[in-house]
Amino acid sequence: MAHQPPTFPLFAQIPGLLPELVAAGSLSEGLCFRTSVGNGSHVIASKVFENQGEGMKGKGQLLLPQGEFQRVLMGRLSKAEGVDIRLGWSVDDFTHGEINSKVTVQISGPNGQTEKIDAAFLIGADGAHSRVRKCMGVELSGETLDAQLVATDLRFPFKSHGFFDANFVIDEADYGLIGRINNAGLWRVSYGVPGSCTEDDIRRTADAKLRAMLPNNGKDDVGNDAFEIVRVAPYRAQQRCADTLASGRVLLVGDAAHLTNPYAGLGLASGIADADALAPILVHILSGKASDADALLRSWSDARRQKFAENVDKPSRMAYSRVRTKVSSQDDVDALLARDPLYAINGQNLSGILESVPW
């Protein structure tokens with residue numbers, strides 16, 4: 001849904017890509033931390049982004065839904081020489097030997113056809129339920145958090161109620177994230193439910209849960225419903241990382257390699273950083289310049305796992321704890337402001353933290 005500013009220099013390495021992505025989406029005008037509607041929807045700390053002028057320094061997050069992001073990248077890949085894009089195909093299995101040998105990948109198509117491909121490398125970027133990772137026999141170590149999260153896409157005039165483009169809602173029960181997805185009125189409202197809830201429970205209670213998070217119970221000035229639910233997608237909140245990201249010439253990046261809750265906005269960004277760190281290593285190996293390819297890939301894997309532990313897992317856990325804080329009184333808010341460095345000087349350092357994440 002959103003790309004954090006630390007990814008902008010990574011996109012900028014590809015000529016013309018960053019402006020193309022910005023043109024396909026929009027830049028966030030601001031973010032805030034606020035109390036729930038039940039506690040007055042008061043802004044605790046905020047940051048407004050100046051999106052005018054040249055360059056990307058100081059700009060807000062790039063709001064670009066995954067489908068649009070993929071469309072831009074696929075358009076560029078389709079024009080590249082020697083690239084074969086197959087949508088709807090999946091990896092069934094693979095075999096590989098030592099680091100200097102090929103990987104034989106068995107794939108299947110949307111109509112049941114199968115094929116074997118001999119590859120220099122296989123990179124699993126196939127998400128939380130990665131088939132590549134499972135075939136590698138690699139475990140995702142970590143934990144499943146104590147609540148399920150529900151991502152709902154809906155239409156509601158949040159701006160008319162004083163909401164920012166990104167709103168982290170802090171509450172013991174009605175916590176979550178309310179964020180603008182595009183300029184066409186679509187917003188993401190993410191909230192938590194007990195881990196014991198079934199999918200039927202979640203869908204049955206979605207309307208009531210959303211009403212508790214929306215201003216005026218989701219109604220307009222004359223009492224009619226003003227929101228439209230487009231999608232409801234529950235998922236388990238995880239803090240996990242693969243025991244290794246490299247086994248011979250089979251590698252893992254993104255959600256296939258590590259999982260985190262969304263309240264620090266580091267999941268997609270860290271996956272892009274995985275690929276950015278891997279690319280020059282593959283170039284070095286494929287051009288015959290690496291004296292020990294296996295050591296290089298092990299080093300990359302170890303470094304990315306360490307980055308996840310220090311720069312993704314820890315701040316994401318803090319963010320998850322933050323949104324579930326009790327702030328039903330001014331004393332609660334003052335205590336949060338006093339102990340949480342993210343809110344220092346009433347949010348004036350929010351920009352520095354968001355723009356200086358060490359990947």
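Colleague: Is Thr-104 buried or exposed?
Modeller: Thr-104 has 19% relative accessibility and therefore counts as buried, where buried means under 20% relative accessible area, exposed over 50% and partly exposed in between, with a 1.4 Å probe and protein chains only. This is a predicted model, in which local features need pLDDT of at least 70 and side-chain atom pairs count only at pLDDT 80 or more, while totals for chains, interfaces and linings use all residues. Residues are numbered from 1 along each chain as its sequence is written, and side-chain values use heavy atoms, with hydrogens and water left out.

Colleague: Which element is Thr-104 in, and what does Thr-104 touch?
Modeller: Thr-104 lies in strand S7; strands (E, at least two residues) and helices (H or I, at least four) are DSSP runs numbered from the N terminus. Not counting residues up to four places away in sequence, Thr-104 touches Asp-93, Phe-94, Thr-95, Lys-116, Ile-117 and Asp-118, contact meaning heavy atoms within 4.5 Å.

Colleague: Which side chain makes a polar contact with the one of Thr-104?
Modeller: The side chain of Asp-118 does, at 2.9 Å. A polar contact is a pair of N or O atoms within 3.5 Å, where within protein one must be able to donate a hydrogen and the other to accept it, and residues adjacent in sequence count only if both atoms are side-chain atoms.

Colleague: Switching to the largest nonpolar core, which residues have the most contacts inside it?
Modeller: Phe-94, Leu-251, Leu-252 and Leu-297 do, in a core of 27 residues; such a core is a set of buried Ala, Val, Leu, Ile, Met, Phe, Trp, Tyr and Cys residues joined through side-chain atoms within 4.5 Å. The elements that give two or more residues to this core are strand S7 (103–108), helix H4 (131–136), strand S16, helix H6 (267–286) and helix H7 (293–323). The largest share, 4 residues, comes from H6.

Colleague: And where does H6 bend?
Modeller: H6 bends by about 25° at Leu-278, with Pro-280 following within four residues, the bend being the angle between axes fitted to the seven residues ending there and the seven starting there. Leu-278 is also among the buried residues of H6, which include Ile-281 and Ile-285.

Colleague: Back to S16, what is the strand order in its sheet?
Modeller: The order is S9-S16-S15, in an open sheet of 3 strands with mixed pairing, where two strands pair if DSSP finds at least two bridges between them. S9 (122–124) and S15 (246–247) each have a single partner strand, so one side of each is left without a neighbour in the sheet.
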